[in-house]
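Hi there,

Here is the structure I promised to send over. Please open it alongside this message, and my notes follow below.

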Amino acid sequence: MGPAFIVGAWQFGPGNLVSAVQAGSRFYYSLIWVIALSTALMLAFADMSIRVGIMSRGSVVETIKETLGRATGVAAGLGVFTITLMFSVGNAVGTGLGLSLVLGGNPVWWTLACTALVATILFARQAYKVIEKIVLAIVATMAASFVATAIITRPDWGDAAAGMLPTIPTGVGLLLVALVGTNFSLNAAFYAGYASRERGLRREQYRETTLADTIPGIVAPGIMTALVIAAAAAVLGGAGGQEGATLEQFSGVLEPLAGEAGRVIFALGFTGAALSAMIANATAGGTLLSDGLGWGNRVSSHRVRLGILGVLAFGATVTVLARGTSPVQLIIVAQALTVIVAPMLGVLLVILANNRRLMGDLRNRWWQNAVAAVGLVAILATCYQLVVTTF
């Protein structure tokens, strides 16, 4: 998969699904505008990161060190690592919950088993290729099911269109922050530059990459998330009251399409989404931490692998310690906390994308800077919302 599709797989994890179904069940269609705006901003920043990756001689963090100083590069690496720790909690909880819905048993034990599985396949390249195909097929099946459900359940498309107009419902709290943190994920955008270098993309491939990978890779998860909200609004609207639908109720969102089998499709798809996000998230966290500290950025490096294991271990540990806590709320809080370091990463990408010496003819145009300014304001506003809601 290309850089943007890797980023999209990272975004479309359990945190995204839980946040979207909560949005639909609690607030019907009124938060669809958040997804539309977040997707547009995510596209702009992922494109910046890919251009920086194409034009840089080294990794994105190495370029930051050369351009803005070593301390700034270290801060960027540590910042992305910190965000991946937050994402790891949602991914760990998601894998355990998904499998427990299908196979029964304690979700915590399934979380530990999935964490061990991911750690194993990340370091066994042949196994990784097989697992990637299986996970992709599972998530694609669930995605297609949500599309069909969003049609069969006949959502009120007039209200869905009205949901494109920005409104902030009373009591939305951390859910709004979680939706932005998942769908406008600046750490995922930041990692797109690494993925583009890993693919060996060259300057002359930029236009082709934009059309074949960047646009569809970022827009597809946005459309899917909007459809999840629409399906949840049609099937689960009002379920659970102010607390929103439970995970068991979530699993029934595909019943109009497939009956009882819909619950299995949802649970397996939820697990697949969690596994794909867990793999991408842990890889990014370990890579950026090691690169920031000057220890290299190859996944084959022992130090990068220790960072990857650290991300996985953090998610599993928090899941074990937080057992008894509402898993849905735990995932939403973890997703919301991912916005903490995001403003710094956004500013760094904008600075690099405007560097004439580095970027040449691929530096930002005026309209790209205008969109970037909107994105920075939006993420700062989201951070403010996080502080106000928390304290």
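Contact here means heavy atoms within 4.5 Å. This is a predicted model, in which local features need pLDDT of at least 70 and side-chain atom pairs count only at pLDDT 80 or more, while totals for chains, interfaces and linings use all residues. Residues are numbered from 1 along each chain as its sequence is written, and side-chain values use heavy atoms, with hydrogens and water left out.

Let me start with Thr 111, which sits in helix H6 (residues 107–122). Helices are DSSP runs of H or I with at least four residues, strands are runs of E with at least two, and both are numbered from the N terminus. Leaving aside residues up to four places away in sequence, Thr 111 touches Ala 92, Val 93, Thr 95, Gly 96, Ala 316 and Thr 319. Thr 111 counts as buried because its relative accessibility is 2%; buried means under 20% relative accessible area, exposed means over 50%, and partly exposed lies in between (1.4 Å probe, protein chains only).

Cys 114 is also placed in helix H6, and at 5% relative accessibility Cys 114 counts as buried. Cys 114 and Thr 95 are 19 residues apart in sequence, and their C-alpha atoms are 6.6 Å apart in space.

Helix H5 has 34 residues and reaches 49 Å from its first C-alpha to its last, close to the 50 Å expected at 1.5 Å a residue. The expected span is 1.5 Å times one less than the number of residues in the helix. H5 is mostly covered, with 25 of its 34 residues buried. Gly 104 follows H5 and has a positive phi, near 75 degrees.

Helix H14 has 32 residues and reaches 46 Å between its first and last C-alpha, close to the expected 46 Å. H14 is largely enclosed by the rest of the structure, because 27 of its 32 residues are buried. Just after H14, Gly 294 takes a positive phi of about 80 degrees.

**A nonpolar patch**

What do Val 102, Leu 103, Val 264 and Leu 268 form on the surface? They make up a nonpolar patch with about 300 Å² of accessible area together. Helix H5 (70–103) and helix H14 (261–292) are the elements that give two or more residues to the nonpolar patch. Patches consist of residues with over 30% relative accessible area and no salt bridge, joined within 9 Å for like charges and within 5 Å for nonpolar side chains (Val, Leu, Ile, Met, Phe, Trp, Tyr). A salt bridge is a side-chain nitrogen of Lys or Arg within 4 Å of a carboxyl oxygen of Asp or Glu. Accessible areas come from the Shrake-Rupley method with a 1.4 Å probe, and for residues only the protein chains shown count as cover. Val 264, found in helix H14, is partly exposed at 38% relative accessible area.

**Aromatic pairs**

Rings of Phe, Tyr and Trp (its six-membered ring) pair if their centres lie within 6.5 Å; planes under 30 degrees apart count as stacked, over 60 as edge-to-face and the rest as tilted. By this rule there are three aromatic pairs. One of them is the stacked pair of Tyr 191 and Tyr 194, at 5.9 Å centre to centre and 10 degrees between the planes. Both tyrosines lie in helix H10 (residues 186–198), three residues apart, about one turn of the helix, and both are buried. Phe 266 and Phe 270 are stacked too, because their ring centres are 5.7 Å apart and their planes are at 20 degrees. These two are about one helical turn apart, being four residues apart in helix H14. Phe 266 is buried at 0% relative accessibility, and Phe 270 is buried with a relative accessible area of 0%.

Best wishes
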